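Dear colleague,

Please find below the structure that I am handing over to you. My notes on it follow.

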Amino acid sequence: MNRRTFLFQAAGTGIASTVLSKSAFATEAPFLFHDARGNQLLRETLDVPSYWDGADETKYPDSPYDSIRIQNDDAGIVTFITGTGNSAFTPGLVADTIFQHQDIIPTYMSRLKVGEYLGRGRDSYNGHDYTDMYFLADIKIFYMSVPLRTAKIPLGGGRFLCPIELVTESMVSPHNWEQYTNFMKTSEDALQAGWTIFPVVPMEYLVGYYLIEPESEYGARVTMVTRLKFKEDVSWVADWGSELPIVLRQGMIAGFMGSVNSCQHLLREGKTP
């Protein structure tokens, strides 16, 4: 039994049976992500045992995150990070933080210059509630600019899937898109008006997911997988793939710990689901 089949069988009926059904993956029909590369990523990383063969993997024993993998191919870069945060979190708390409390992260992650929600609603494409959030992050040699859509899908058995993807114009109304782009431009202009020599690099595309599962020692394990590609001809560093694994690994660690700190923040505030 492969991992996705296990999740599907554990989920029972309803949303998760639609999200994880083999028939959905076997066709080109609309499924979960607006960008079909997200459906492909979910299928490959959960169904194909050999997918990570040859990936650059670093293990971190006794760390809040215990493994990071980076796979580079012609279509882009695939990143993987997993861990427990070495903290007593429930899967529900972690999933809720990812879905609607990531605006706490800048408090604990100085490199995230902007982390603000742009909008919320229900996606008519797939029927899931969503949050749209803008991230403007310093990844040392350039700034990454990305609006991301996140959903939260309970799979049953204390498991959650939080799909993420780049927000594009077709995903929102013209009015909302204008508001989104105005906010992003204002944020980027404010950053570049300061003392910085580094460019702001937007994404060509980004798809991925968080998989949150129960864990016996601490309570929850979260795995984040993304496939991404930066816009070309904006920064020579972003175009030169050999340099990216270093900064992406550092960015994954910073983002992971920012999320851990955000979960701890919500626990202190008593704001748990």
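Which residues does Asp 96 touch, not counting residues up to four places away in sequence? Asp 96 touches His 101, Lys 152 and Pro 273, where contact means heavy atoms within 4.5 Å. Asp 96 is found in helix α5 (residues 91-100). It counts as buried because its relative accessibility is 7%; buried means under 20% relative accessible area, with a 1.4 Å probe and protein chains only.

Please note that this is a predicted model, in which local features need pLDDT of at least 70, side-chain atom pairs count only at pLDDT 80 or more, and totals for chains, interfaces and linings use all residues. Residues are numbered from 1 along each chain as its sequence is written, and side-chain values use heavy atoms, leaving out hydrogens and water.

The protein chain contains 9 helices and 10 strands; these are DSSP runs, of H or I over at least four residues for helices and of E over at least two for strands, numbered from the N terminus. Of its 273 residues, 53% are buried.

The largest nonpolar core has 46 residues, and Val 94, Met 203, Ile 212 and Phe 230 have the most contacts inside it. Such a core is a set of buried Ala, Val, Leu, Ile, Met, Phe, Trp, Tyr and Cys residues joined through side-chain atoms within 4.5 Å. Helix α9 (residues 244-269) gives the largest share of this core, 9 residues. Another core, of 17 residues, lies apart from it and includes Leu 41 and Trp 52.

Helix α9 is followed by Gly 270, whose phi is positive, near 70 degrees.

Yours sincerely

Key:
Buried means under 20% relative accessible area, exposed over 50%, partly exposed in between (1.4 Å probe, protein chains only).
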